[in-house]
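Dear colleague,

Please find below the structure that I am handing over to you. My findings follow directly after it.

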Amino acid sequence: MKDKVKVLFVVSEFWQAGTQRFTFELDRALDKKRFDVSILSILPLTTNEYFGDYYYDKHLALGSTIIFLQDVDILIKPTLKQRIYRKFFGKSLPNEHQSLIKFLESYDVISVMGEYNYSKINQFLTDDSRKRVFIHIMNSKFQSNAIYDQFPKSDSYHFISGFREKQISWELAEFNNFKHTYFNLNFKLEKQYAKGDYKKSDSPKIGIFTRLTFTKPLDPFFEAFKSLRSKLPNAELHIYGGGDPSKEGVLSYVEKLSLESSVFFRGHQNHILKTAIEDNIDLVWFHGYHGIPGGFASFDLSTAKIPQLFWDFGSAPGTVHYSFLPMFNDLEKLADFTYTILNDPKEAKLLAQQQYDFIDANFNIDTNVHQIEELYISTSKKQI
């Protein structure tokens, strides 16, 4: 057996969110007999009042090494020459930050977890290191037009995402030279929490599992819920996720629609499956784009067999849409279909089972991780 492939995951931090979850799932699934995993965190621990460093200990328990950016390269006060060079060329002088350059060079594979993290290391990549960098796209231009602004468009890249060929062509239309590998948000399915009772309720509960942030706007859901309440006046909307609804401007929108008595902000949840089952959530609303759910929370809740409907933020031309992943861009149609599912237990159960079967068949990391392993090995300087 030759040396293991040294893999470096570049992350923002260790909060309990989608990208961080995906990083953990990859770390957990990779064959440790063949791969040695390290993690470079851009931020130190305890940087957010709403999110703890949930995955930090979990990565350590897997035997992975964790390094913080501040410990790799201590930035000294730049000289006048360095400041002038940065101003005119937009990057550091050659040989500046040598410790970070050499650190990145020491890895066989570098996986940047989230396109938003690439700019943090780009200027420290040598031509040789750059050949072994993969960038996992974790957002879409439908969420923010600026997500690729920090990328020099003429450079060469290898992206990994859950977008198919037509979708990625639309996403990366401004790039001149890139490769793309399809690999969606795979995860290890946990099946101990599952909805077992589908019945019509006079006070149905709709759940939204998200983070309160501008990239995941809730306005369409509030508007649809306002319409739904005309048919189901006792319906409740429960929003689970970290963030201050007042500071994020979410609460003011609820008040504008006079929904204060029926919309509940439940805060961050460590275990959304357990929460959804124990709180008797009847149906879930989620963001979607390119015809697929917009994050891990949706995939997770499919294993709990709770039916889900999606607000479609947009799809590239030619995108395949699945009937069992209902996507809406019309408020009244979302409200009407929600009413139908809540009033038809058989349809609710059927939709939930179809969604579960689709996730199990396509997003099980134990089945699919070999695709990433083969990509890492073929790219690595080592042959194992």
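The residues that line the largest cavity divide into seven nonpolar, one polar and four charged. Please bear in mind throughout that the model is predicted.

**Cavities**

The search of the whole structure found three cavities of 30 Å³ or more. The largest cavity has a volume of about 90 Å³. Its lining is made up of Lys195, Tyr198, Lys199, Ser201, Pro204, Asp282, Pro307, Ile341, Leu342, Asp344, Pro345 and Ala348. Two helices, H12 (331–342) and H13 (345–362), each contribute at least two residues to that lining.

**Aromatic pairs**

There are 34 aromatic pairs in the structure. One of them is the pair of Trp15 and Phe51, which is stacked, with 5.4 Å from centre to centre and 20 degrees between the planes. This pair links distant parts of the chain: Trp15 belongs to the loop between strand E1 (5–11) and helix H1 (18–29), Phe51 belongs to the loop between strand E2 (35–41) and helix H2 (56–61), and the two residues are 36 residues apart. Trp15 and Phe51 are both buried.

A further pair, Phe134 and Tyr376, is tilted, at 5.9 Å centre to centre and 40 degrees between the planes. Phe134 is part of strand E5 (residues 133–136) and Tyr376 is part of helix H14 (residues 365–379), so this pair ties together parts that are 242 residues apart in sequence. Phe134 counts as buried because its relative accessibility is 2%. Tyr376 likewise counts as buried, at 0% relative accessibility.

Asp27 is located in helix H1. Its relative accessible area is 0%, and Asp27 is therefore buried. When neighbours within four places in sequence are left aside, the residues in contact with Asp27 are Phe9, Lys32, Val37, Ile39, His59, Leu62 and Ser64.

Thr319 is situated in the loop between strand E13 (308–312) and strand E14 (327–328). With a relative accessible area of 13%, Thr319 is also buried, since the cut-off for buried is under 20%. The side chain of Thr319 reaches the backbone oxygen of Ala316 at 2.7 Å. Apart from its neighbours within four places in sequence, Thr319 is in contact with Gln167, His290 and Gly291.

**Lysines that are partly exposed**

Lys6 is placed in strand E1. Lys6 counts as partly exposed because its relative accessibility is 27%. A polar atom of the Lys6 side chain lies 3.4 Å from the backbone oxygen of Ser106. Computed along the sequence, what separates Lys6 from Ile137 is 131 residues, and their C-alpha atoms are 22 Å apart in space.

Lys226 is a residue of helix H8 (residues 219–228). At a relative accessibility of 38%, Lys226 counts as partly exposed. Not counting residues up to four places away in sequence, Lys226 touches Leu257, Ser258 and Leu259. The C-alpha atom of Lys226 is separated by 9.8 Å from that of Ser262, and these two residues are 36 residues apart along the chain.

**Positive phi values**

Which residues other than glycine have a positive phi value? Asn280 is one of them, with phi near 55 degrees. Asn280 lies in the loop between helix H10 (272–278) and strand E11 (283–289). Its relative accessible area is 51%, and Asn280 is therefore exposed, the cut-off for exposed being over 50%.

Lys305 is another such residue, with phi near 60 degrees. The place of Lys305 is in the loop between helix H11 (296–303) and strand E13. At 22% relative accessibility, Lys305 counts as partly exposed.

Yours sincerely

Note on methods: Residues numbered from 1 in each chain as written. Predicted model: local features only at pLDDT ≥ 70, side-chain atom pairs only at ≥ 80, totals over all residues. Heavy atoms only, no water. 1 Å grid on protein atoms, 1.4 Å probe; cavity = no way out; pocket = protein on both sides within 12 Å on 5 of 7 lines; lining within 4 Å. Points joined across faces, edges and corners; volume = space filled by probe spheres on them. Helix = DSSP H or I, 4+ residues; strand = E, 2+ residues; numbered from the N terminus. Nonpolar A, V, L, I, M, F, W, Y, C, P; charged D, E, K, R; others polar. Buried < 20%, exposed > 50% of the residue type's maximum accessible area, 1.4 Å probe, protein only. Polar contact = N/O pair within 3.5 Å; in protein donor to acceptor, adjacent residues only side chain to side chain. Contact = heavy atoms within 4.5 Å. Phe/Tyr/Trp six-rings, centres within 6.5 Å; stacked < 30°, edge-to-face > 60°.
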